[in-house]
Number of protein chains: 2
Amino acid sequence: MNNPLEELSSHLDKDMRSVNAEIIKRMDSPVSLIPQLASYLIAAGGKRIRPLLTLACTSIYNGNMQRAHMLATAVEFIHTATLLHDDVVDESKKRRGQAAANLVFGTQSSILVGDFLFSRAFQLMTDDGSLDILRVLSGTSAIIAQGEVMQLTTAGNIDTTIEKYIEVIEAKTATLFSAACEVGSIIAGADTQANTAMAKFGMNIGIAFQIADDALDYNADQEKLGKTIGDDFREGKMTAPVILALEKANNEERNFWTRTIKQKEQTNNDLATAQSILERHNANEKALKLAETYGNKARQALAEAPDHKLRALLDSLITYAIHRQS
Amino acid sequence: MNNPLEELSSHLDKDMRSVNAEIIKRMDSPVSLIPQLASYLIAAGGKRIRPLLTLACTSIYNGNMQRAHMLATAVEFIHTATLLHDDVVDESKKRRGQAAANLVFGTQSSILVGDFLFSRAFQLMTDDGSLDILRVLSGTSAIIAQGEVMQLTTAGNIDTTIEKYIEVIEAKTATLFSAACEVGSIIAGADTQANTAMAKFGMNIGIAFQIADDALDYNADQEKLGKTIGDDFREGKMTAPVILALEKANNEERNFWTRTIKQKEQTNNDLATAQSILERHNANEKALKLAETYGNKARQALAEAPDHKLRALLDSLITYAIHRQS
């Protein structure tokens, strides 16, 4: 099987070129540090999964692809702004296989260029002129920020439930996936039922994607991942693998999580210990099983869309989102 | 003479109560840290000069005051988001007479709550539904971020010209004043000429306001100011008083600015020395004279508005913006 993300990208290649051109055009500014920093992050690649979702959903419902190019750019800018701010908040060291922007350009520039891209996203939406889309994406932006704050408040709390965790990732990640899809069908003037189905597809693939991301943070090949492994552990984030391992923890393990996650007292070998505890409880496999349940919901919602080559590719993308290696 | 800002506030008292109610309603969130942090900053007061401008300009042109309440809230949220991010960028210690939010709640929360308020501002505009207003305020937000980045790149550069300085403060401060005013006349459905006049009034009072702010950073009574005096000096910011003093600097003074601003090597007595150099060259007075020239442009633009009690109050506000003590 080919990589479904690459297949999707190649199927939408012409449109993605237009999106890339729009990205470069819209991140331009007379203040040269802005395009420098933005292109540093954007040129490094990334999966571009969100703009692809917007393009695919627009195309499935026969929408205007020129509008899709602009709005996919807006979606990607919101994502990029969030990444820049996240990396400052998390003091990240690596992103997309290179030093994180906050380390290269400073945290100050990362904050302000994030603000710039966020503003540009709203300029793009205004240029497009759909109040429905503005409503979806301004609401999404507020929910992302809420999710990030919620994540701050759950960090270090080893009593965080899996339900609370899902609430956090729904807000901080899946809502933008949901919006990316719904924007596509809105562009196409689809009916409310279709918009709801696309939003539901996006939300559930987004949750599955983030659970898989959180599993990768403990078991990925660091070279392939493009960011530092164990970041979540060092930041004391309560993600699916840890929560699932805690459910089965003996006293000694519970003490380990208390010291490393709650009290954040970590030594060099602790990440390896954490990994072996997760393995002992099959916590990563259990996390991916949980991701599968959301994958299935995504698949169900997607089935409401009209039959289309891209619908089949999005279906494969669900499996990819869960079982990817990076 | 009464304080014109207080007079304006008292004249618009009923509307400002509605704005305050809207602020409280719209900063609410199930994530309790968000309203906690937002209300910490908002309850501390501040001049509320931007929402007052929106209310006044709407009222002068006989616009719908309910829309003005919502949009004045959006303007204040953009301002508050900017303050939160600025205080992280500048590592500020004090704001509005109390410890800066980044010190009380942490820089992470300040960044994310800033993002939240920014998103909420766009939700408010979308609820209002005017694409013209969305265009003005999304453009303004992008320009503010550009101005802040520009300021980062001029900091420490003792060759910064007064023209470059004006460009920075126009972007980072005056554009939002301009938008606050223009939004008012747009709400009222005024013609392009009126909107342009209000934008011009706002831009010029904003520039005057910021020049005065930068003078206060060297010569205010710290108690009255509500923030730490000398912040700009410590951050190596190139503001009007320093630029004007540098124009007349002898070798010894130039060496002083090179060491303190360019090389940022400062000792305890340096702020006092800076203040005495500024005094020697009447740099603060010269800065306020420069502010007056922008005040006059603001006055000229304001004269295009219909005769109105609030127009007279805005006229007095120009003088206040320049000669206030805090």
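Biologist: What should I know about numbering and confidence?

Modeller: Residues count from 1 along each chain as its sequence is written, and chains are lettered from A in the order in which they are written. In this predicted model, local features need pLDDT of at least 70, side-chain atom pairs count only at pLDDT 80 or more, and totals for chains, interfaces and linings use all residues.

Biologist: How many helices and strands are in chain A?

Modeller: Helices are DSSP runs of H or I, at least four residues; strands are runs of E, at least two. Chain A has 17 helices and 2 strands.

Biologist: What share of chain A is buried?

Modeller: Buried means 20 or more other C-beta atoms within 10 Å of a residue's own, with C-beta atoms placed from the backbone. In chain A that is 56% of the 326 residues.

Biologist: How are the two copies related?

Modeller: Superpose them by least squares on C-alpha atoms of residues with pLDDT of at least 70 in both. A 180° rotation with 0.0 Å of shift along its axis brings chain B onto chain A, at RMSD 0.0 Å. The copies are thus related as by a two-fold rotation axis.

Biologist: How many residues of chain B are in contact with chain A?

Modeller: Contact means C-beta atoms, placed from the backbone, within 7 Å. Here 35 residues of chain B meet 35 residues of chain A. α8(B) gives the largest share of chain B's side, 14 residues. That side divides into 18 nonpolar, 13 polar and 4 charged residues, where nonpolar covers Ala, Val, Leu, Ile, Met, Phe, Trp, Tyr, Cys and Pro, charged covers Asp, Glu, Lys and Arg, and polar covers the others, Gly among them.

Key. Two residues are in contact if their C-beta atoms, placed from the backbone, lie within 7 Å. A residue is buried if 20 or more other C-beta atoms lie within 10 Å of its own, exposed if 12 or fewer, and partly exposed in between; C-beta atoms are placed from the backbone.
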